[in-house]
Amino acid sequence: MSRRDAILAEMGLAPIWRLREKEVSKQQEVSKEKAWIELKKAVPACTACGLHKTRKQTVLGVGDEQADWLLVGEAPGAEEDRLGEPFVGQAGRLLDNMLAAIGLKRGENVYIANVIKCRPPGNRNPEPEEIARCARHLVRQIELIEPKLIVAMGRIAAQTLLNTDATIASLRGRLHQYAGVPLIVTYHPAYLLRNLPDKSKAWADLVFAKKTMAAF
Ligand code: SF4
């Protein structure tokens, strides 16, 4: 029995206290479930920026909604737009391999999302206004997931979450924070496919992330 429980038992309060704790956590769980349902309705209905005109479907994210790990990329590509899931195709396979290398698996204590929920035509970079309009969806996801660690993959994710213009090179290798959540910056898997020598740097980032998580 913990010291607090022993004191409460002594005061004859333990059962009431436990009951209240359980009630509060049950209420929080139910309100989170409702908030997820709202978000899953709001994003597919969103027309806040011009990208809604060319999308096949929105891509909210995938994985464990109570994950400790949150990985954030840039925006859906053609395959993601078609299938409604982030990081499918070649970049997705590389991401899965990177996760496996540090003992993680998509969907198991890991949630994967993008800054932008609709595909920019021709895979162009999202415009600042599109990022600004879409940010509220990602902000809500982070509030609901309450991850222990965020890994920002690529320039758009890093610059958006850290509200900076700094380069990936200058942001890597340090622990940042987003709204009190520790955040680590690494390269986007699609970039790594084109720049193989930087894979070793991404590996170092993931090892850093794994060590950081282990320290919690
Ligand atoms: Fe809405 Fe984001 Fe899609 Fe723009 S990109 S329409 S803000 S969900």
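The residues of the shell around the ligand divide into 7 nonpolar, 2 polar and 3 charged, where Ala, Val, Leu, Ile, Met, Phe, Trp, Tyr, Cys and Pro count as nonpolar, Asp, Glu, Lys and Arg as charged, and the others, Gly among them, as polar. This is a predicted model, in which local features need pLDDT of at least 70 and side-chain atom pairs count only at pLDDT 80 or more, while totals for chains, interfaces and linings use all residues. Residues are numbered from 1 along each chain as its sequence is written, and side-chain values use heavy atoms, with hydrogens and water left out.

**Ligand surroundings**

- The ligand is surrounded by C46, A48, C49, L51, H52, R55, I116, K117, C118, R133, C134 and H137, a residue being near a molecule if one of its heavy atoms lies within 4 Å of it.

**Aromatic pairs**

- The structure holds 2 aromatic pairs, counted when the ring centres of Phe, Tyr or Trp (its six-membered ring) lie within 6.5 Å, with planes under 30 degrees apart called stacked, over 60 edge-to-face and the rest tilted.
- W36 and Y111 form a tilted pair, at 5.9 Å centre to centre and 40° between the planes.
- Because W36 lies in helix α2 (residues 14-42) and Y111 in strand β3 (residues 110-114), this pair ties together parts that are 75 residues apart in sequence; helices (H or I, at least four residues) and strands (E, at least two) are DSSP runs, numbered from the N terminus.
- Y187 and Y191 form a stacked pair, at 5.0 Å centre to centre and 20° between the planes.

- W36 is buried, with a relative accessible area of 5%, and Y111 is buried at 2%, where buried means under 20% relative accessible area, exposed over 50% and partly exposed in between (1.4 Å probe, protein chains only).
- Y187 counts as buried at 9% relative accessibility, whereas Y191 counts as partly exposed at 26%.
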